[in-house]
Amino acid sequence: MKQQVHYVETADHVQLAWAETGRGPPLVKAATWLTHLQYDSESPVWAHWVRFLGGHYRYIRFDERGCGMSDWNAGDLTLPRWVEDLEAVVDAAGIDRPFALLGISQGAATAIRYAVRHPRRVSHLVLYGGYAVGGLRSDDPERAAMFRAVMEVVGLGWGSDNPAFRRLFAERFVPEGTAEQLARFNEAVPADHLAGQRGGAATGAGRCRCQRPARAGAGAG
């Protein structure tokens, strides 16, 4: 299934890569971490999403700032900025009617805030595996402690050659994933590390890097 990749510049001069696949009513996916518009269409983690949604909708998705084919050195990695990035992509896509908005994992919080800000633009809000309040702001002390511990381990092991760090991270994101899915997800972290070592190009489809997770209040819960 072919996709068209475009770029849009945000108000703070970050280039965001976005893609559209298929025809039909518009469906927009809020960005999540560790994506790549080119590679995800072949990934065992995301390819079936792209095929199905592109087969039924005009499916629009984008690499968030700091990831994939979007600018890597994006600076401000906060929820308000993610909402503004979603607004920029929706405007660039020229959607002229209410659309379905999909929020997965980290993207759920972005999608919720966008829908609150633009209720007349969103026809359906679909949330999957996400959260409204990040781990560091949770009222559940056990959840907050677990979140801090995982973030500390991931921060220490980011880019490490030790597969234990990557395995922990992958299983947090794909807890019931197949061996193939976990292996493919694990590739995202060493790809980031190698790109940093080699000074990989910051433009074009070769981008495969993502910034390490921010320690902000919103996070995977």
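Reader: Why does Asp-12 count as partly exposed?

Author: Asp-12 has 24% relative accessibility. Buried means under 20% relative accessible area, exposed over 50%, and partly exposed in between (1.4 Å probe, protein chains only), so Asp-12 counts as partly exposed. The model is predicted: local features need pLDDT of at least 70, side-chain atom pairs count only at pLDDT 80 or more, and totals for chains, interfaces and linings use all residues. Residues are numbered from 1 along each chain as its sequence is written, and side-chain values use heavy atoms, with hydrogens and water left out.

Reader: What makes the pair Arg-65 and Asp-12 a salt bridge?

Author: A salt bridge requires a side-chain nitrogen of Lys or Arg within 4 Å of a carboxyl oxygen of Asp or Glu. The N to O distance between the side chains of Arg-65 and Asp-12 is 2.9 Å, so the pair meets the definition.

Reader: Why is Arg-65 called buried?

Author: Its relative accessibility is 1%, so Arg-65 falls under the 20% limit.

Reader: How do you know that Glu-87 forms a salt bridge with Arg-117, and which helices hold them?

Author: Their closest N and O atoms are 3.0 Å apart. Glu-87 lies in helix H3 and Arg-117 in helix H4 (residues 106-117), so the bridge ties together parts that are 30 residues apart in sequence. Helices are DSSP runs (H or I, at least four residues), as are strands (E, at least two), numbered from the N terminus.

Reader: Are Glu-87 and Arg-117 buried or partly exposed?

Author: Glu-87 is buried, with a relative accessible area of 16%, whereas Arg-117, at 41%, counts as partly exposed.
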